[in-house]
Amino acid sequence: MAGQRITTRNARFQQWHALLANRNKRKRQNEFLVQGVRPITMAVEHGWNVRALLYDASRPLSRWAEELLRGITTDRVAMAPELLAELGERTDGAPEVLAVVEMRPDDLSRIPVHDNFLGVLFDRPTQPGNIGSIIRSADAFGADGLIVTGHAADVYDPKAVRATTGSLFALPVVRTPSHHEVAQWLSKERAEGRPVAVVGTDERGDADVDRFDLTQPVLLLIGNETTGLSAGWRELCDHMVSIPMSGSASSLNASNAATATLYETARQRRGA
């Protein structure tokens, strides 16, 4: 299996290592690291550009890894296991394969809007794991895409990527600087006959989520983990809903709230 071999912390290794913790380097290089059979397989199946495959040079490869390396025309790099473990942020040994994957553009047109549209928006998330969990839930419950707005944790942070368990590659995920870009996108869609309702979630919503009609085209808004939705987004909401709770907790974790709301949306749409 032809390809480069890396056994020292050379310049190329340092370039990939910077992708782990340096958001600016990820943005500048327009790439990120992916590990795991399912995530890498989904990246390939959904047509993401794999720029390089890094594999453990010290052991025989599994059938999956051999087929992957044979099936993709890209850089193949045999790497010392201790270096591969470092890139995989693993203490229990090196992953068999790591993929260096090109990011997709932050273009709202990647998210299809139609008569049964279901979109999710996460306002200024601070935790990469929460982003990943919401991507996974949005994919599971049939959403058409996720928008991440404002000064936020990075969608391509390794913690976020791992938390999606591959759903990042199946669901369009777009980052925007603020609510203004999304408002313009919504105005354009509405002008073209697609009346998307903007529905915010808040513990003091106007209606319980299970009593609100979620069978219409909707963009569900999830607020920052600490402060909730920003004032700009609250002004743009057509409706505010809350999740009814009977215990002592006053609110839910952002990813749990998103999952509960997405489940209720899917339940209503199945019934309809």
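The chain exposes about 12,700 Å², and carbon and sulfur atoms supply 47% of that area. Accessible areas come from the Shrake-Rupley method with a 1.4 Å probe; for residues, only the protein chains shown count as cover. This is a predicted model: local features need pLDDT of at least 70, side-chain atom pairs count only at pLDDT 80 or more, and totals for chains, interfaces and linings use all residues. Residues are numbered from 1 along each chain as its sequence is written, and side-chain values use heavy atoms, without hydrogens and water.

Of the 272 residues, 50% count as buried (under 20% relative accessible area; exposed is over 50%, partly exposed in between, 1.4 Å probe, protein chains only). The C-alpha trace spans about 60 × 45 × 35 Å along its principal axes.

| Side of helix 4 | Residues |
|---|---|
| Buried | Ala65, Leu68 and Leu69 |
| Turned away, exposed | Arg63, Arg70 and Gly71 |

The buried residues Ala65, Leu68 and Leu69 cover an arc of only 95° around the axis, which puts them on the same side of helix 4. The arc is that of the directions from the helix axis to the C-beta atoms. Their cover includes helix 3 (37-45) and strand 3 (50-56).

Asp157 sits in the loop between strand 7 (145-149) and helix 7 (158-163). Leaving aside neighbours within four places in sequence, Asp157 is in contact with Arg26 and Pro128 (heavy atoms within 4.5 Å).

Key:
Helices (H or I, at least four residues) and strands (E, at least two) are DSSP runs, numbered from the N terminus.
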